[in-house]
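The following account leads through a protein structure step by step, from its overall plan to particular residues.

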Amino acid sequence: QAWAGLLGWRFLDFDEVIQEEAGLPISDIFRRYGEPRFRALEAATGERLLTLEGAVLASGGGWPAQPGRMDGLPVGTRSVWLQVSAEEAVNRARIDGPTRPMLIGPDPLERAKNLLREREPFYRLAHLAIDSSTADPDILAQRIRDFLLDERADDVRKSPPHK
């Protein structure tokens, strides 16, 4: 969200969009209709939101962990993996309340470790990975901006001179 503010762009969170459109919290969608229905809503939301320009999108952890998603990003789209440990993910989920259905159960930490292990190969396809466990959101936004500026500078250096 801080990154969107830094750019002057819109910030859209897949889960918030899904909840608004479904008229139900994510936990209710999981409970009533199951994970496959949620993943279908998430896929449709991603497909639609990725067509927007001037937007920073927060997909949630399950969206990029589907085969082809990270490889199929539109040209010019940049992905950032905001890394956290399984322990930090569980701590954040506890603070947020019952908003993470994938962490519900007798051992949320073990579940988080398993999810991270399963999803990490997909997350590693991101253009940039940043440890976000302790960093301030504004500092993270500046790091992302610096990465994009460096990337653009590399593109300029690699492009042939104009005639």
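**A guided reading of the model**

Apart from neighbours within four places in sequence, Leu103 is in contact with Ala89, Val90, Ala93, Pro108, Arg111, Ala112 and Leu115. The model in which these contacts occur is a predicted one. A second, separate core, consisting of 10 residues, includes Val17, Leu49, Tyr123 and Ala126. The largest nonpolar core has 13 residues, and Leu103 is among those that touch the most other members, together with Ile18, Ile26, Ile29, Phe30, Phe38 and Ala112. At least two residues of this core come from each of α3 (26–33), α5 (86–96) and α6 (108–123). In soluble globular proteins, nonpolar side chains tend to be buried together.

Ala93 is placed in helix α5. With a relative accessibility of 13%, Ala93 counts as buried, because the limit for a buried residue is under 20%. Beyond four places in sequence, Ala93 is in contact with Arg100 and Leu103. Ala22 lies 71 residues from Ala93 along the chain, and the C-alpha atoms of the two are separated by 22 Å.

The overall plan gives these details their setting. The protein chain contains 7 helices and 4 strands. Read from the N terminus, its elements follow the order α-β-α-α-α-β-β-α-α-β-α. Along the principal axes, the C-alpha atoms fill a box of roughly 65 × 30 × 30 Å. The chain has 163 residues, of which 32% count as buried. Among contacts with a separation of 6 or more, 63% are made by residues 24 or more positions apart.

Aromatic rings provide another view of the interior. The structure holds 3 aromatic pairs. One of them joins Phe30 and Phe38 in a tilted arrangement, with 5.0 Å from centre to centre and 40° between the planes. Phe30 is buried, since its relative accessible area is 14%. Phe38 also counts as buried, at 3% relative accessibility. A further pair is formed by Trp81 and Tyr123: the ring centres are 5.4 Å apart and the planes stand at 50°, so this pair is tilted. Trp81 belongs to strand β3 (residues 80–83) and Tyr123 to helix α6, so the pair ties together parts that are 42 residues apart in sequence. Both Trp81 and Tyr123 are buried.

Burial also occurs in a loop. Ser79 is situated in the loop between β2 and β3. At 8% relative accessibility, Ser79 counts as buried. Not counting residues up to four places away in sequence, Ser79 touches Met70, Leu73, Leu125, Ala126, His127 and Leu128. Of these, Ala126 is included in the second core described above.

Attention may now turn to helix α7, where Arg145 is found. Arg145 has a relative accessible area of 32% and is therefore partly exposed. Although Arg145 and Leu6 are 139 residues apart in sequence, their C-alpha atoms are 8.3 Å apart in space.

It remains to consider the confidence of the prediction. The protein chain has an average pLDDT of 89, and 91% of the residues score at least 70. Among its elements, β1 has the highest mean pLDDT (97), whereas helix α7 (residues 137–158) has the lowest (81).

How values were computed: Residues are numbered from 1 along each chain as its sequence is written. This is a predicted model: local features need pLDDT of at least 70, side-chain atom pairs count only at pLDDT 80 or more; totals for chains, interfaces and linings use all residues. Side-chain values use heavy atoms; hydrogens and water are left out. A nonpolar core is a set of buried Ala, Val, Leu, Ile, Met, Phe, Trp, Tyr and Cys residues joined through side-chain atoms within 4.5 Å. Buried means under 20% relative accessible area, exposed over 50%, partly exposed in between (1.4 Å probe, protein chains only). Contact means heavy atoms within 4.5 Å. Rings of Phe, Tyr and Trp (its six-membered ring) pair if their centres lie within 6.5 Å; planes under 30 degrees apart count as stacked, over 60 as edge-to-face and the rest as tilted. pLDDT is the predictor's confidence in each residue, from 0 to 100.
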